[in-house]
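Dear colleague,

A short account of the findings comes after it.

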Amino acid sequence: MTRPPGTTGDDTIRFSVLGPVRVWRGREELLVGPKQQRLVLAVLLARAGRPVSMSEFTDLLWDGDPPASATNAVHRYVGTLRRLLEPGLPARSPGRWLARKAGGYLMHVDAGCLDLLEFRALVERARRCSAAGDPAAAVDLYLAALSLREDRCAADLVSASGGHPAFVMIDHEYVSVVREAAETASRCDRTADMLLPLRQAVEHDPLDEALVAHLLGALSADGKQAEAMTLYLEVRRRLADELGVDPGPELQAAHARLPRRQPVAPSRGEAGKDGGGRTRGDSPPAASVPVVRPAQLPADLAGFTGRDAALRQAAALAESQDGALRVLAVDGIPGIGKTTLAVHFAHRVARDFPDGQLYADLRGFTSEGGPAEPGDVLAGFLGALGVPQHRIPASLEMRSALYRGVLAGRRVLVVLDNAWDTNQVRPLLPGTPECMVVVTSRSRLTGLASAHAAQLLTLDVPSAEEATENFLKRVRGCRPDLDAHQVRPIVERCGRLPLALAVVAARTAAQPERTPAQIQAELADSGRSLDGFSDDNLDNDVRAVFSWSYRTLGPRAARLFRLLPLHPGPDATVTALASLAGTPPGETAADVGELVRARLLTVRQRDRYRAHDLVLGYASELCGLSATERAAALDRLHDHYRGTAQAANLLLRARDRQAEALAPPSDAAYPTPLPDASAALDWFVAERSVLRAVVESAAAHGDVRTAWELAVSMQLFQQRLGWWHDWAATMRCVLQATRSAGDREGETHAHRGLAGARYHLGDPDGALRCLERARQGFERLGLDDDLAQVLHDIGTLRYARGEYDRALRHQERALRLLRAGGRRHRQAVVTVDAGKTRLRLGDTAEAARLAMAAGGIFRELGDLNGEASSLALLADVHRANGEYVRSALCRGQAIALARGTGRPVGEAAEPLEPGDARLDAGDDVGARRARAEALKHGNRAGLPVSVRARRRPGRPGARVHRPASGRDGGADGPEVMEAARP
């Protein structure tokens, strides 16, 4: 669903009538319904808060011949619109938006919800600025207003409305504002800023001389003198042919102000005619050209199948009649089937263009030679349209003007295949709305969309079902024995790329003795080689087609392309590719852009790019990378992911850990900059599949340390998002790799990581076995800090099993190691957990001492959450001793500290409500107050604390007794096993 500009709230209703009639609720676009219902809404919006009479509705809907039931039908349409805009509105209620007025209806709208009123408000502000002597500010406001218009008013209903006066007046209002804005812009040297609105306005009214004069000035100010001159010549010809007049003084003055870079054709009646009576330099009148109906389309593909969505979009454009030239620009990677689709569609709609079909291969990407010159293509088109060779002008501008003149009023379909860029296509566009143009290109022709309102259509690989059906249709005549189940593996080996499917299907049909299994095995044996997709016809060879794009690349982009197969993941960012290439991200971004334009990379989403498997296969075949260069590139790539993952991991952890030093990346490796924990988590989510692939790739290439360090850095992210199976899979991969490589440190870390995954997957026994192996490994390696973490983990699991004595032994040993190593924060965390275990064992005095010791460390470190957790433990100790008032006071202090951190209450010290202790102390009023406070803050933060407060047993005045060893259920035990640090 698309979202309109200016929408912020989830329930905001927003209407648009400056273009297709559309309605949004928040981010969701609403389906307005059938044509007549949309017309009712359109005229209500066009009236912009003024009533629409019943007769106007009926005239609009039934063209002056309404049925007897017309009034009831209008009431039904309005009722349906009411329910659409306000789904919960009771029957017969007036509602917020639609109201009965003067025997009809009106729509309550303002500038905040209707683009037409916002347009008018901005225009009024612009006029006030202009009157106040600030034309620059006025131009900014005019441009903001004009940018709201997408198309003609109610553009999707133009044919149905028959040019309703309300819609026509709004279009005239837009043109009038463009003229005002252009006049204001001319007073402050902002003429060039008006180029796009002026183009759109002139397309709407091409013989408005004042508008054309302003457009000439804007084109000239933007350095487009040739286009300005061509426009003037065309308008002058149309004025003469259609109205029998010469340009007026304003247009002639604008023409006179154009810089003269070439001789300008004199106006009619001036001296200087050639021997044939034709003005030198002027284009011949279209009427003098004989009517010829070209039919240049190549043959359609027999058995074309699929591409239903693309064909529907193209057909909808062909059927539109909005008064503008219809242009469809199809783009996609090499071999995706752009030409096949364009030709098939052209044959489907050829009957709708009875004046002919033109076709040209613009040779944007070919095996030899450069792109076709537009002037040469125009000469061919003009000849096909019946213009004698001696009457075809020499210059590109004049040929283009003559071409548009010849096509004026004619219904011709133009197919421009394999375009290089927008500049190559622009001179080949007709100037009449009766024509349609279909362009194919490997580049996305956004310039056509912005300047000529072209619809862009990007082809992706077909679905598995479409590709399979396509393959079967190609071979059915020779191989009727094949079915979808047999050919599906072949289709997937082809990457569903239509060109590859065509090559392999042709070979399959020509070799009926080969079974589908043999063909699939042949493709599989070739690995990333393209030998399995070669063709005797080199023009149809997959390798050759890719080479046409590769040859357009500059040296840097070509080198990056050759490195792409080294990246193991499904997609990559610019910084990852910069590290792969060893070039700064700014330079790499330019190289990536070059690859995207050549369609050797495709944009998957913002700053994520991918290449088709067969494109990567072609890149793998290219020479030019030594073993040393490949190894260095892999090292840089691994450093990129390892360094970014370690930085992201530290951002997700407690503040004291963020100060830990990171290993510097290797030269020319560029970790992704991450400003905060939120960005770190987003990065992990976006790179999830890539990171797992990098772990496996590093392990396979013998870079075992990168594999296990990256896997360790991913653990906390996997734990927080509940991706236990990913966690377990990466740890099993590095465990196997480290064992094979004899990397004892990595193997030990892998055991500890696998323990965490197993614990969260519900296998505490397996987790304990892995932790014991990790404990033994860290003891042998003398890594006391890591050993302390493992001992803490073992203590946590023993506590959860109720084995408090064994838990305490591991916790106390961890504490001794942490004190010796100076790990103050971790020491305080383990001290709190040891205190909880002491409390379970009934040793309240030692539990209190540990709580106070931990609190002192947390205060020293400035960790308010940690201090709150130590106070919560102390509150439990007081309650176990029957000191209910002191317990309640401690809990209140813990709550205040936790809230002071700005983090949700209960995240670090859980549970914190003092209501239970107040009840135990007999303070019913205080208990109610504490519960109310817990509910208030819990509801605000969306925390489970509110649920716990609601579920507390007892009524006011009832005392709740707890076991002396702590709160029931073990909810106050040590924190659940935490993922390992890097």
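The following paragraphs go from the whole chain to a sheet and then to a single residue.

Please note that this is a predicted model. The chain comprises 42 helices and twelve strands. Of its 982 residues, 53% count as buried. The accessible surface amounts to about 42300 Å², and carbon and sulfur atoms contribute 50% of that area. Among the contacts in the chain with a separation of 6 or more, 67% are between residues 24 or more positions apart.

I would draw your attention to an open sheet of three strands, in which the order is S1-S2-S3 and the pairing is antiparallel. Its edges are formed by strand S1 (13-16) and strand S3 (28-30), each of which pairs on one side only. On average, neighbouring strands of this sheet are turned by 30 degrees against each other, direction ignored. S1 and strand S2 (residues 22-25) run antiparallel and are joined by four bridges; within this part of the sheet, Ile-13 stands opposite Arg-25 in S2. Helix H3 (residues 70-85) lies across S1, S2 and S3, and runs at about 35 degrees to S2.

The last point concerns Arg-826, which is located in helix H36 (residues 824-840). Is this arginine, Arg-826, buried or exposed? Its relative accessible area is 10%, and the cut-off for buried is under 20%, so Arg-826 counts as buried. The side chain of Arg-826 is joined to that of His-792 by a polar contact of 3.2 Å.

With kind regards

Methods. Residues are numbered from 1 along each chain as its sequence is written. This is a predicted model: local features need pLDDT of at least 70, side-chain atom pairs count only at pLDDT 80 or more; totals for chains, interfaces and linings use all residues. Side-chain values use heavy atoms; hydrogens and water are left out. Helices (H or I, at least four residues) and strands (E, at least two) are DSSP runs, numbered from the N terminus. Buried means under 20% relative accessible area, exposed over 50%, partly exposed in between (1.4 Å probe, protein chains only). Contact means heavy atoms within 4.5 Å. Accessible areas come from the Shrake-Rupley method with a 1.4 Å probe; for residues, only the protein chains shown count as cover. A polar contact is a pair of N or O atoms within 3.5 Å; within protein, one must be able to donate a hydrogen and the other to accept it, and residues adjacent in sequence count only if both atoms are side-chain atoms. Two strands pair if DSSP finds at least two bridges between them. Axes are lines fitted to C-alpha atoms, for helices over the stretch in contact, and angles run from 0 to 180 degrees between N-to-C directions.
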